[in-house]
Amino acid sequence: MVRLRSFGLSSAQNGMWLAQKISPGMLNHPLLMWDVDGELDAAAMESAFRHVLGEAEVLRVNFVDDGDGPRQVPRDMEDWRPFFLDLSAAADPEQAAREALADVVGKPFDLERDLLLRLGVVKLAPTRSLVVISYHHLVSDGYGAGGLLSRRLAEVYTALAQGTEIPELPHPWDAESFAAEGAEYRGSQKFVEDTEFWRDYLADAPAPAQIPRIAMSDSTRAALAEPVSSADRWSRLADSIGMVSRTLTVPRAEFDMWAEKAKSMGVWMSALLTAAVAVYFRHRCDRSEFLLSLAVANRAGAAGRTPGLAVNVVPMRMRVPLGATFAEIADTVVDETYELFDHFACHYSDIQRASGTSLGERGSFGAAINVVEFVEQLHFAGTPARHLGGTIGSFDELSIGVHSDGSVDSDLFLRLDAPASLYSSAELRFIGEELIAHIRAVMASDSQLPVGALDVVSGADRDEVLATPNDTDVPVPGLTVPELFARQVRRAPDAVAVVSADSAVSYRELDERSSSLAEVLRRRGVGPETVVAVAMSRSVDLAVTLLGVLKAGGAYLPIDPTFPTERIGSVASDSSARVLLTDAATARTLSADLDVPVILFDDLWSDTAGGDRDGAREVPVPLHPDNLMTVMYGSGPVGATTGIAVTHRNMERFVMDRHWREGDHSAVLWHSPHTSEALALELWVPLLNGGRAVVAPPGELDIDALSESRATNLFSTVWLSAGQFSTMAAERPECVAGLSEVWTGGDRVSAAAISRVRKACPELTIVNGYGPTETTVLAAGDRLEPDEPVRPAGEVGRPMDNTALYVLGPGLAPVPVGVVGELYVAGTGVARGYLGRTRQTAERFVPCPFGPAGRLMYRTGDRVRWGTDGRLEYVGHADSQAEIREIRVEPAEVEEVLSEHPGLAQSVVVVRPDDSGKQRVVAYVVRVGAQGGGGAGVSEIPAAPSDEELRRFAAGQLPEFMVPSAFVALERLPVSPGGRVDRASLPAPEFDGGRREPRNETERVLAKAFADVLDLDRVGIDEDFFDLGGNSLRAIRLVSVIRAELNVEVSIRKLFAARTITGLSDMLEELVRSSRPTLRKRTRDGEVL
């Protein structure tokens, strides 16, 4: 039996050890270099390495698990020697060095057996060498290796090279004293107080700061992936350890200006930079409050003079109101730092446990900021050496480091590191350049300027998001709807305007009948700005009525005739309707106490009998394009309950758009209720462009009704809401074959649905439109011609004519291509506002900072981004975005995955709290065939998928936290008057109140293992291990139990991803049988058994 000295781990080492156990394959290997500008004596350098390493017992340790927790065991150097590589003869010595050092840093360490450092020299030229220090993060950190160890190496080398006596270390670098200080702290009252502080500090903490991913084209990605400097090339060594890294350079002169700015504000440079980073996160994360992580040296006592691992990362709460000045944000950083300073010793992992933070796949406390101020220039026997960054280790979140190379004239380097699974190299460069632009804007501005006023997109990048996509100005005649209709009457008076199953009217007939009706309405007081409520069924008479109201100078308010009397009265009263125009059948259902006067269509028509009905003369009405044309009840955050005032100019912009001139509007099926904004597409677009509106039979259009309409009426174009289109695509996509065009939109239309229709109908043109009612039906559109490929999911196209689309950050500044922002719409299609709702109008219709003074833009509440091809990409509505385990979830991403399942016609995904208050992903699904419509010729309908099948399908393509917890099957999704899904009307889901029991023997074993490790009686198969109290230590225990009981190797990373027994069971087929050897057992005193 061999007796060895062993010691417990420090807080920092314990947290790092746990991280390594969670991800055994993680290569947490920092590597730094000193670029020596002169000749190095190889023999003296080797002696210096061996001498210093002999002093540094704290670095010569291995880590073993004795069954009661990890221990560190000092080891001898034995016959260790540093490496020496002479690459001076290589064609590109630096590139050859990078390739060689990639092998050095990418080679795993055996924590129990290997010396956990790799030291050596790479010769690049006769008078240039790199002194290389690589190590496992368990033994040291940036300050320990890049500060204390590096200075000692230079000091010892200098003495050896010059033949002088080697200075003694001021303090021993032994493992025992270093470990004793850590153990003393963890057993102290101070540790208890620190954990209590962090528990209170993080109570009700905001979400962590996380930069959303950046969308970019392949060409842009390739261009941004190119290195920008020598320092950037060296940072590519991070690729070897599974990380991505970019280093950007700020010239020294500019850095000096930043330092002067900090001095003038009376703050540290580190505080200034942290504040600037916080402002950037405010703009890109669109959060007024969030968590940032601060890297702190944490070197008090023995840690301050010993190169062992001591670094810590602590959370900092940041609140960045848009109205705050940068000086106030910088002062906040200083104040927060002072508050946290006395508690820096409590390690990150202990803070996680103290605060009850749920463990996840990303950093619990947001992106990390590390302002490195300890780097200084070294001299090896008088030869200067500059610091070069290689790798900084492995971690699970974005890290932003700021450092110099130590020389007196050094530039400033901004380094970004992240796991390769989070960001690409191109994305990190994009983020870094954006961050520098924000810092420059802050530095150049008055420190009293509100941070919300920062606008950093300039030059060609600004044109790309403001001018280029919005070059949509097209001349229009500036006419009212009656005047536009009159043009068509003059052009083709005998052409058919509206046709139904039992009647058809020409443009001349429709003109005459509507003019006669207008004259009667004017005699009854209808004129400009007068609202006339119209409650009639879809018919030729309805077309006559609507046009007659407009010719009289009034504005029509469409009301569903099937509404209850109370609802009809409420809508009419809310819009200040002068009269309610309806038919006899509807009038019989209305109560006598309706507040609005009721006029029957037949009575109005009989009133024209006294005049020349066949040759009714047009009485001019003083009508202006800016007069009210209609009141719509729309789909926006306010429009669902409030009338939207649409003018003639608004409608002219829409119906005169080139989409309709380029397309086939010769015969359009009119099937939507006239309360829907689709009326503009189905009636006004054909009538005002010389086409024909084909009236569909009564009732709602389903697949069978669409087929029947095609059999009895000739039409070339049909509008289908997103729901109708998706159902048709899933059940019978061939039913639109032979049509010229299908228009769809309103809600997000999945790429899978469009692909199914394109496959069944290759000659069909599909127009996918986007736009809230407040922008007059559509603000953007994407015309997919038969020979064009299907667009990526979420693309909604380019702006409509005379429309400007602005993707803006929280301060109303434009964001670059690929960055998500909120969509604002400007142009002549933007409605007047909410009728009679001044406050609500002011909230959503805001002054436009771009373009002519006085112009308004509509705030949609939709999150979008510009693609590199100039098309708009819809991400989701701001209200639908939610967080699961502090990670943002985009329901649209889940919907897109579910849309690919052949057994689903429609799906909508929301995030809702369960009975315990935890946020859950809920999918509302309409299975294929649920709405009926399975007539002759229907495509083969697959069997209805079960909830379990849908869960497995989603789990195969989504991270576990995005897989729906509940599936709610509906016959149809509730929709708004505009045909969009009415999420507020979705029924509450029924979460499994009780525990679901194991379904097979494997799940029974897993359930018992979960319960044993968590000290619980029972665990249901859907319950989250970490929500039930699981932490890193318990996760390690659980993995060991699963290995022992099932002989299956489950990495802790997989456990983090699966989290539930169901999740583990689903991925069981992917797991390999365990071949992992049993760890060697040692006693607490280090005795090997």
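Analyst: Here is a short tour of the sheet, a helix pair and the cavities. It's a predicted model, so to speak of local features we need pLDDT of at least 70, side-chain atom pairs count only at pLDDT 80 or more, and totals for chains, interfaces and linings use all residues. Residues are numbered from 1 along each chain as its sequence is written, and side-chain values use heavy atoms, with hydrogens and water left out.

User: OK, what's the strand order in the open sheet of six strands?

Analyst: The order is β4-β5-β6-β1-β12-β11, with mixed pairing. Strands here are DSSP E runs of at least two residues, helices are H or I runs of at least four, and both are numbered from the N terminus. Two strands pair if DSSP finds at least two bridges between them.

User: Which are the edge strands?

Analyst: β4 (83-86) and β11 (378-380), each pairing on one side only.

User: And how do β1 and β12 run, parallel or antiparallel?

Analyst: Antiparallel, with seven bridges joining β1 (residues 30-36) to β12 (residues 383-392). P30 sits opposite I392 in β12.

User: Which strands does helix α4 touch?

Analyst: Helix α4 (residues 142-162) packs on the sheet and touches β1, β5, β6 and β11; contact means heavy atoms within 4.5 Å. The direction of α4 makes about 30° with that of β11. Angles run from 0 to 180 degrees between N-to-C directions, and axes are lines fitted to C-alpha atoms, for helices over the stretch in contact.

User: Switching topic: at what angle do α21 and α23 pack?

Analyst: About 80°, with the axes of α21 (residues 648-655) and α23 (residues 679-687) 10 Å apart. That makes α21 roughly perpendicular to α23, a label that covers 65 to 115 degrees; under 35 is roughly parallel, over 145 roughly antiparallel and the rest oblique.

User: Which residues of α21 and α23 meet?

Analyst: M651, F654 and V655 in α21 meet A680, L681, W684 and V685 in α23. By class, this contact has seven nonpolar, no polar and no charged residues. Ala, Val, Leu, Ile, Met, Phe, Trp, Tyr, Cys and Pro count as nonpolar, Asp, Glu, Lys and Arg as charged, and the others, Gly among them, as polar.

User: What lines the largest cavity?

Analyst: There are 14 lining residues, and the closest to its centre are I754, N768, D782, R791 and E795. By class, the lining has eight nonpolar, three polar and three charged residues.

How values were computed:
On a 1 Å grid over the protein atoms alone, a cavity is a set of points where a 1.4 Å probe fits but cannot get out, and a pocket is an open set with protein on both sides within 12 Å along at least five of seven lines; lining residues have an atom within 4 Å of a point.
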